[in-house]
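Keep the sequence and the coordinates open as you read.

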Amino acid sequence: MAYIAPIHKPSSVRHALKLNFLSAEDDCLVVAKANRLEFYSQTTDGLALQHQKAIYGKVTMLQKLRPALSQTDHLFVGTDRFTYFTLSWDADKKQLHTEKSFESVADNAARESQTGERCHVDPTGRLMTVEVYEGIITVIPLVQRVKKRKAAGQSEVAHLGEPVPVRISEMFVRSSTFIKPESFDDNPKIALLYEDTHSHVKLKVREIKHIGDEIELEEGEVCKADIELGASHLIPVELPSHGLIVIGETSIGYYNSETGELQVEPLEEATIFVAWEKIDSQRFVLADDYGRVYLFMLVLGDDHRVQSWKLDVIGLTSRASVLVYLDAGYVFVGSHQGDSQVIRIAEKSMEIVQTFSNIAPVLDFTVMDMGNRSGEGQTNEYSSGQARIVTGSGAYQDGSLRSVRSGVGLEDVGLLGEMEHISNLFSLKSNPSSDYADTLLVTFVNESRVFRFDPQGEVEEVEEFASLALDETTLATANISQGRVVQVTNGRARICDLDGGMVVSEWMPFGGQQITAAAVNDSHVLVSLGGVTVVSLTLLAPPYRVGPSMADGGLQVIKEKTFGTESQVACVALPAGSSPVCFIGFWKDSGLAICSLDTLDTVKTAQISEDSVPRSLLLTQIFLDQPPTLFAALADGNVVTYSFDPSTNELSGRKSIVLGTREATFRALPRGNGLFNVFATCEHPSLIYASEGRLVYSAVTAEKATTVCPFDSEAYPDSVAIATSEDLRIALVDTERTTHIQTLKVDETVRRIAYSPSLKAFGLGTIKRILKSGEEFMISHFKLVDEIQFKELDTYPLNEDELLECVIRCAFPDGSGGIAERFILGTAYLDDQQATEERGRILVLEVTPERSLKLVTSLAVKGGCRCLAICDGKIVAALIKTIVVYNLEFRTQSKPELIKAATFRCSTAPIDITVNGNLIAIADLMKSLVVVEFKPGEDGVSDKLIEVARHYQTIWATAVAEVDTNTYLESDAEGNLAVLVRNPEGVTDDDKKRLQTTSEILLGEMVNRIRRIDIVAQPDAVVLPRAFMGTVEGSIYLFGLIQPAYLDLLITLQSNLGTIVPAPGNMDFARYRAFKNQVRESEEPYRFVDGELVARFLDLSEEQQTTACKGLGRDVEEVRGLVEGLRRLH
């Protein structure tokens, strides 16, 4: 019933590691983003992505292992499902290879670690430790295989032994590390920084004894010196001095492992350190909670013992989750709540050299538009690339507003000026031997203009160019052989010589007929006269005698054919280069004819559509080593594609997609290697390109483009010229779809966001953290931000210790009979010890004509206001334990008041609410979901909130949205999603009042916000998009409802693919996506389809696809088409 797929993959970085993974010589950086591993190599331009892979589980730890005689490191990966495996790189297949995998010896009675999961490898390489439970260290021996196998030509690889859990008395371990032994034969020693039962911080060093299969942790010595309460990290120190650095909030100490002494020096300024990385044996990089980066250096005495240390602030970055030293002063800063960066450390300073966008955590988001900014509603087939989502991302100094759009990016590099009514563009070379175009011909309704570019990019308009007819509109023009250029206008076809600037040859239709369509290639011109007659002309006619002299060859009619008014010609096209055939589209019966250029006789025919007409045709090479593709744009906005076989002139593999409501015009853009992308211009411009053997249609961020042409000039290589209804510009277009993120740095946590289309502005609820004399203060604001320029317009400050909890936009009466836009704010006070009853406020703000904020009314409430909604023209406020409905009443014309109308007591605390009509769905902190109905009072009876349905399960809810009538999508704090359905037509009262679970799945990421979307789907749509979801890890997911006819097919396909598609660690897909919380655990997802897995069907071999289609009742081609359609959703 339910379908989910990512449209923006997780971007939060919590784990990263450097190792020799892809090759023995080169370092590789592996980065974990939720359930994805990304492998980067170092290049002169920075880090470059080499490989990425999704795994079945959220990555919680990474570690490197170097087995004996292995040329490369192996990667140890731990997941949140307590499964662990090691991976190596198969250089031949360019794929990850699972070396060993095992389930954790999960102890259901043990408590999960409260301080994060840790994994360490003993410096001698004999064992590794894994810490995932309080009071338990799991020790994994690193066993060497017997060396006799080497003679048989097999490589010898160490493998992981069986894990052995060992109990320890230290429960709350903050940090742990191995101490490097002084000799190889010494037993490994592990240091534990922990908090005891009296809340004192202690340091203990334990020795690990490994005899046979038995592993024992000696009780060890406890450091006698006092350790500060804020101590958080242990850093091992190697030669020349063995020991540990103990990092605290107010001091840093050195622990000498030989003497057991702790040497402590205070910090100049207290701070909270969050990450560290070793540069060499004496220098380390530290990062704190405020984004500061420090260089820490040990100062050694003459006896090579640590005397003291130096700590210098070298710069500001995003708040680091992990630091990885790359090489030559470069450090990777992986961040969860800001952009990840590569920095280069210089003398007491640093610079940021590379940035990786990160939108995590998505605290709130709003959908600005679904590609229908014109206000005409959603008319084209849905594609996530047309949705513009604006998120409140990051935290504190890394807080920002991000505009996220998945599509083909367009970067303007030059503006030629304002020009209206441009009908077409053509690029030409003034020097035929040049590698670059330098001339742009711009055609209008009744004239053509020529712009010349010099190598520096300077542009000038020229009055004439090689005797081209510039007083007429140009239908087609191109450079051809022998240093000539051909031009077709609505009155003539002309060949001009570039050197002499003379007209070499000219042809005009008989009787002054108008040329309505034209196509040109290297050898021919094809024109349509008035849509009735088609004329085929050669460009390569030999010179011929006229009286006593010779006339230049060139244009010469090969064949003229009249099709008659019954079957008028709608469009014509020629293959690139030279070809014996042409393509003609007809109005009648939506016909397409492949004709011989010599006779214009029909070779093959096809009916493109039953209810529309072809208006534009293009044949171009999209796929490598495959036949060219024919594109036909229909008048109703459909685009039909065929594969064209030039040897047989056969059309095959017809596919159709809706791009808009009117016909698209095509232009081929070179991609390299003789391949092209196709730019389709319509009300939603799209780039059509080949990816993984199939056509991909992706929205382009150029809403106003009317026509384009490639313009590979010296100053602007690989660029395109783009005309809009207002101007002409030069731009660079991506060759394929990527995620484009526009950032407005707010430097505050953007906790809540609301969007007003009529005001063209956002309302942001923000929280700023200020550090004064080592003490943190929180200040909250409400900001008004312009949607176009992404700049702040006005700020409304809140009271001291008052935090903004929620923001909504709505239209309310203005007191004088009109309706006005309002922002409604809900707040809560921080200080619970306050004596007053006021625990929060509800504020109503208006935006003045000067675009500033003004308070309309406010109301003090007894509980913090968690969320707000509008129901039947009234304000619904979710307070700390109660839902309250307020009327906005004008007692006086100028100042309205909020009057309480009805209340409802929640089970624990409301987390989120959604309203449809008079039904209010409340997501509860612990008790899942309840639906209440608002009943207006009659005959003097007051308004009421009445419970009508409830979900009787313990679920720690985080967000809810109504995705269909009486159907709700709910997320919980453990990363699960559930679809709950109310049945008002139930047989018994219990049936009517019980919310039934119809679908559930483990997403693996906590969802912060669900926003419903309403779009018009095609009648034959497989999935109806219903909502977007934003997560803590920076993902944005699309949620949809599967049409009943396709439900069994997709669930069976998912089940089949789960056994066919290989996963790192050989993990089971069904278990990975099965619902799991503290109360119960399922075996597989229930009536929920993972779109990402289904899309992997297209990557399988023919044989595997056939296997995956068993039991579906559909052939492989049908399923492939269905999955391609689903891929276009995300």
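In the open sheet of four strands, what is the strand order? The model is a predicted one, and in it the order runs β6-β7-β8-β9. The pairing is antiparallel. Strands β6 (59-65) and β9 (95-103) form the edges. Each has a single partner strand, so one side of each lacks a neighbour in the sheet. From one strand to the next, the twist averages 25 degrees. Look next at β8 (residues 83-90). Eight bridges join β8 to β9 in the antiparallel sense. Across from W89 sits L96 in β9.

Now turn to the core. Nonpolar side chains tend to be buried together in soluble globular proteins. Here the largest nonpolar core has 81 residues. L37, L75, F1039 and F1097 have the most contacts inside it. Helix α2 (residues 1044-1060) gives the most to this core: seven residues. Take L37 and set aside its neighbours within four places in sequence. L37 then touches, among others, V30, V31, I55, V59, L62, L75, V77 and L87. H51, Q52 and K53 are also among the contacts of L37.

Last, the cysteines. How many disulfides does the structure hold? The count is zero. A disulfide needs two cysteine sulfur atoms within 2.5 Å. For C682, the closest cysteine sulfur belongs to C571, 16 Å away, so the gap is too far for a bond. C682 is buried, at a relative accessible area of 1%. C867 is in no disulfide either; its nearest cysteine sulfur, in C806, lies 6.2 Å away. C867 also counts as buried, with 7% relative accessibility.

How values were computed: Residues numbered from 1 in each chain as written. Predicted model: local features only at pLDDT ≥ 70, side-chain atom pairs only at ≥ 80, totals over all residues. Heavy atoms only, no water. Core = buried A, V, L, I, M, F, W, Y, C linked by side-chain atoms within 4.5 Å. Buried < 20%, exposed > 50% of the residue type's maximum accessible area, 1.4 Å probe, protein only. Helix = DSSP H or I, 4+ residues; strand = E, 2+ residues; numbered from the N terminus. Contact = heavy atoms within 4.5 Å. Pairing = 2+ DSSP bridges. Axes fitted to C-alpha atoms, helices over the stretch in contact; angles between N-to-C directions.
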